[in-house]
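Subject: Structure for your review

Dear colleague,

Please find below the structure that I am handing over to you. I would be grateful if you could read the notes that follow with the structure open.

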Amino acid sequence: MMVRRALIYLAAIVTGCALGLGSALYMAGLWPEGRNMAFGNVDVGGWRSDFAVGSKAADPYTRARVARHGLLALAKSEAVYLTRATDETGARLREACTYRLSGGAMPAEWWSVTLYDGKSMLPANTDGALSVNAQGFPNGAWQAVIAPTRPANGGAWISSKGAGDFDLTLRLYIPNPALLASPNTALTPPRIERLSCGGAA
Amino acid sequence: MKRWIGPLAVLLLVAAGVHALTLHRAPAVIMDRALDALAKRGVALHAFTTPQRVTPQTQQVVRSSPDLYYALCRYDLSAPGSQLDVTMGGWPGYQSLAFFDAQTDNFATLRGTGREVTVRLLPPGSAAQKGAIVSPSTKGVILIRRLAPDAARFDAAVEAGRADTCRLERART
């Protein structure tokens with residue numbers, strides 16, 4: 001009887017460990033693989049961020065997720081990172097589709113948009129088309145095509161070759177104070193329009 | 001039914017404890033692994049390592065930007081009386097000197113657009129000093145970012161990086 005009772009308690013401890021570990025890893029976005037950085041308490045047109053990134057003020061779930069997916073990120077006074085994993089219809093961004101990314105002037109001294117795969121790494125291709133940034137668009141309005149092959153018109157391009165399901169990170173360096181105070185007012189977020197998928201319009 | 005209350009309570013308590021412990025320990029474990037990985041990839045202890053331009057083939061850290069020059073220096077201030085003298089050389093565009101502790105917190109960032117920046121990094125518990133930053137942990141990593149969105153700017157950033165230093169010294173008495 002005593003042995004049976006001890007085994008029941010042992011099973012409870014083992015199950016509790018598994019539940020605690022699994023729930024923590026899941027809620028912090030550390031498990032399973034492939035979950036991304038499109039989370040946080042700031043949501044500007046589907047572009048998500050947590051302005052506590054890089055600071056002790058972040059909650060433990062944010063801290064754990066950033067440690068995994070945004071290690072060595074700067075605090076918001078220096079740079080703000082916004083991530084989006086879906087297009088304007090809410091569908092997951094996929095390598096098989098072609099998208100038009102467009103925007104205007106950004107409320108920061110410098111900006112870039114970079115594509116990352118499901119493991120938060122640059123996609124394994126040699127296209128040399130990993131991002132677009134402020135340097136290429138000095139007149140404010142800008143647009144680029146996101147596709148696995150270079151667009152025929154020779155315009156700005158971000159290659160999604162080898163990315164699988166991916167997300168985009170908008171970096172805003174030296175953000176305007178207005179952005180930090182009221183991101184939804186200060187930032188007109190870039191649009192992500194899906195143009196076609198797998199050859200179909 | 002009563003006999004299951006005890007095991008159920010144990011299960012819930014253990015689950016809550018392991019949940020909290022996992023969250024608390026995750027940043028430190030991830031940073032520890034990252035520091036080990038950086039060491040294996042040649043990032044020096046107490047010296048800025050001249051970087052390669054970030055590409056899918058050379059990336060060392062998650063979510064690196066291909067538009068930036070990144071120079072890393074790992075540090076360890078566990079030896080008594082040790083401190084770090086850090087210099088970020090001049091660069092005409094945007095650059096920053098960022099300090100990360102063993103919990104992944106960005107505990108200090110100094111912007112240095114158009115100028116050189118020099119600072120001392122002191123071990124945890126040190127008294128505040130002018131021109132110095134106290135690290136919350138004995139180990140961590142220092143990261144210089146320079147805006148270098150094309151190959152020519154990156155090559156220029158490498159030249160500017162020759163003036164960067166990250167040197168372990170004994171505290172002056």
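Predicted model: local features only at pLDDT ≥ 70, side-chain atom pairs only at ≥ 80, totals over all residues.

Interface. In chain A, 61 residues are in contact with 49 residues of chain B. The area buried between the two chains is about 4,400 Å², and carbon and sulfur atoms contribute 64% of that area. Between chain A and chain B, 20 residue pairs are in polar contact. Two salt bridges are found across this interface. The side chains of Arg63(B) and Asp167(A) form a salt bridge, with an N to O distance of 2.8 Å. On the side of chain A that touches chain B, helix H1 (2-27) gives the most, with 16 residues. Other elements of chain A that supply at least two residues each include helix H2 (60-69) and strand E5 (108-117).

Sheet in chain B. Four strands form an open, mixed sheet in the order E6-E5-E2-E8. Strand E6 (132-134) and strand E8 (165-170) of chain B each have a single partner strand, so one side of each lacks a neighbour in the sheet. Neighbouring strands are turned by 25 degrees against each other on average, direction ignored. Strand E5 (117-122) of chain B pairs with E6(B) in the parallel sense over three bridges, and Leu122(B) stands opposite Val134(B).

Ser160(A). This residue lies in the loop between strand E8 (157-159) and strand E9 (166-175) of chain A. Ser160(A) counts as buried because its relative accessibility is 0%. The residues touched by Ser160(A) include Glu95(A), Leu115(A) and Phe166(A).

With kind regards

Methods
Residues numbered from 1 in each chain as written. Chains lettered and ligands numbered in written order. Heavy atoms only, no water. Buried < 20%, exposed > 50% of the residue type's maximum accessible area, 1.4 Å probe, protein only. Contact = heavy atoms within 4.5 Å. Pairing = 2+ DSSP bridges. Axes fitted to C-alpha atoms, helices over the stretch in contact; angles between N-to-C directions. Buried area = accessible area lost by both parts, 1.4 Å probe. Salt bridge = Lys/Arg side-chain N within 4 Å of Asp/Glu carboxyl O. Polar contact = N/O pair within 3.5 Å; in protein donor to acceptor, adjacent residues only side chain to side chain. Lists of a residue's contacts leave out its neighbours within four places in sequence.
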